[in-house]
Amino acid sequence: MVVGAAAEPVSGPTTHRLDSASFTALAVGGGDEDTVADLLAAERSWRMIQMRTLLDAVDAVPEAVGPLPPVAAAWELLVAAQRQDRSAVDALILHPQVGTWAGFTLRRLRGSTAARGPLWIDLGYLHALAVVAALRTGLGFTMRVPVRGQFVALPTLGGAPVTGAEEWDQAEITGSDGVATLTAAGTTVRIEASGVGTGGWIPLPTVRTDAGGHTLAVTLDFLDPYRNLRTPTPPQLMTAEQLARWRELLRGAWDLLMRVCPELAVPMSRGLLSVVPQPAAERFRTMSASAGDAFGSMIISEPEDIPEMAVTLVHEFQHIKLGGLLHLAQLLDAEPAQRLYAPWRDDPRPLGGLTQGVYAFVGIVQFWRAFRRVAQGSTARLAHFEFARWREQVRTTLDMMRTLPELTEVGRHLVTGLRATAAGWQAEDVPADILAAARAAATDHRIRWRIHHCRPDQQVVAELAAAFVTGADRPVVTHSEPVVATDPSARRLDTRAVLQLWRITDADGFEQLRRSPSAVGAQVSGATPADLAYVAGDLAQARELYLSELSADPGSPGAWAGLALAVAADRPHPAADAIRERPELVRAVHQEICRAGVQEDPLRVASWIGLPGGFLRP
């Protein structure tokens, strides 16, 4: 609140509240423009608290600013700019990368994060902010700013290379009436408040697009050192062709969202401020991220098409909304003793992370639900598959979460609201073959996750293995819940789902994969010939190939899960039932039997464990 205090009299701290209608809307996965405006107002106060805390911390180490002017000088220029035009400075303070910078620099000052370069390089972002504020409000000024890796970045405006500079250096900027000159190491650059410039200046592009009476206006930020949410990152310059492609994707996605689910799109027009482009990821594995410190920004790998861009915008804006709510209210007061299953992740998650994930996937399901009504051909089948897959995963996750005592009253309200939203999806029809594939994908991920991360009771494993080896009846044992221990080798648990997406959307491409099964892993990381056979519907071949994989590697989580899917696809089977329900136990017992020197068919072991009567005789 200090900027406000310096610029005008204030009566006391600002209290931010969401009215009941806004909170109810957020609790069911929604929220309108006014709700987002309330979240932004709170976010401004959050940023002011961050910046005030940072200034107080620097007061104790004044030498930390190195060759730059004292932070007080940068702060005074920022305050003077606010007196000139409060709305312009407020918009600058709400720039998402300001939040990332403040959070990172505070952690650095407290010694809780490592960083390259001197501390003054990070503290100097405040000086760069002050320069932008002065430019935008027409003030006269002179200020020194950091040069990081031979590049000067001015938040929201752009940047310029300084080839003659040291790795950690400084530049002087002098300006008035909305125009400034930057000089450093033999480089001279002219900059205008509009963002244009000369002398090597690279403006930060803005995409502005209208649809359905609403405007999306976002910066494409590939220059700001704090755009990547965690640690400072060098600029990644984009070609004209790359920029044109991103503009096309964003404009197409905005048009699509406003046509099929405006209730999800319209709030973005108020709260989506910055997109950080990344190179394309593997097909059907788009990478995206956002963070609570950077309200309004999302990192996105280049999507393959417009629907993929649209669903990614929905996904990350759900995170952004919930991040804003978390700055106003606690959703949990403790973490469960064990990490939890998240169907969209390879690793076990804390409850806080799971809450973020399920909130995002509520939005994802809402998008696919709306899009499948207008999509055609293979795109419609894709939408049906994604809708069916994620509605099931969201429902089961919320059913589990509602039982957790660590949720606060606000957290329980949120879970209750999301469950009500999810309940409305369950009776909707999906083509039978697509529904079966979606359910198999959900089962597949759960089996693989449990094998990787769940540790069964070793006494039970030893007892079952000993009985099997001696030909005894299966003993009655108490199946306690396994201990969850993160397996860092868990990767790409969605491999068969990705192959399904290839099959559903690109029949020719999938047939090309089938023609060279041994090379499938080059196109779909983690995939094997057995996976190709399963997704293609050749269940007999898939079964034999999975058994061959287990012969070579008896512990393979992917082969165990694939075997269960292939065996159960035609008809119910006790082995598949056992692997589906307690995959970690079946695998552990089979491995114990192998260690005893008995090379046994995995299906016989699984059937023996799964049948009430004991050993399954040939």
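## Helix packing in a predicted model

The crossing of helices α16 and α24 is right-handed (the near helix is turned clockwise from the far one by less than a right angle; left-handed if anticlockwise). This is a predicted model, in which local features need pLDDT of at least 70 and side-chain atom pairs count only at pLDDT 80 or more, while totals for chains, interfaces and linings use all residues. Residues are numbered from 1 along each chain as its sequence is written, and side-chain values use heavy atoms, with hydrogens and water left out.

Contact (heavy atoms within 4.5 Å) involves Val460, Val461, Leu464, Ala465, Phe468 and Val469 on α16, and Leu585, Ala588, Val589, Glu592 and Ile593 on α24. By class, this contact has 10 nonpolar, no polar and 1 charged residues.

| Helix pair | Angle | Axis distance |
|---|---|---|
| α16 (residues 458–470) and α24 (residues 583–595) | about 55° | 9 Å |
| α3 (residues 33–59) and α4 (residues 71–84) | roughly 150° | within 11 Å |

α3 and α4 are therefore roughly antiparallel (angle over 145 degrees), and their crossing is left-handed. Arg44, Met51, Leu55 and Val58 of α3 meet Val71, Trp75, Leu78 and Gln82 of α4. That contact has 6 nonpolar, 1 polar and 1 charged residues. Here Ala, Val, Leu, Ile, Met, Phe, Trp, Tyr, Cys and Pro count as nonpolar, Asp, Glu, Lys and Arg as charged, and the others, Gly among them, as polar.

Helix α12 (residues 351–371) has 21 residues, which at 1.5 Å a residue should span 30 Å; its end C-alpha atoms are 30 Å apart, in agreement. Of the 21 residues in α12, 19 are buried (under 20% relative accessible area, with a 1.4 Å probe and protein chains only), so the helix is mostly covered.

Definitions and conventions
Axes are lines fitted to C-alpha atoms, for helices over the stretch in contact, and angles run from 0 to 180 degrees between N-to-C directions. Helices (H or I, at least four residues) and strands (E, at least two) are DSSP runs, numbered from the N terminus. The expected span of a helix is 1.5 Å times one less than its number of residues. Buried means under 20% relative accessible area, exposed over 50%, partly exposed in between (1.4 Å probe, protein chains only). Angles under 35 degrees count as roughly parallel, over 145 as roughly antiparallel, 65 to 115 as roughly perpendicular and the rest as oblique.
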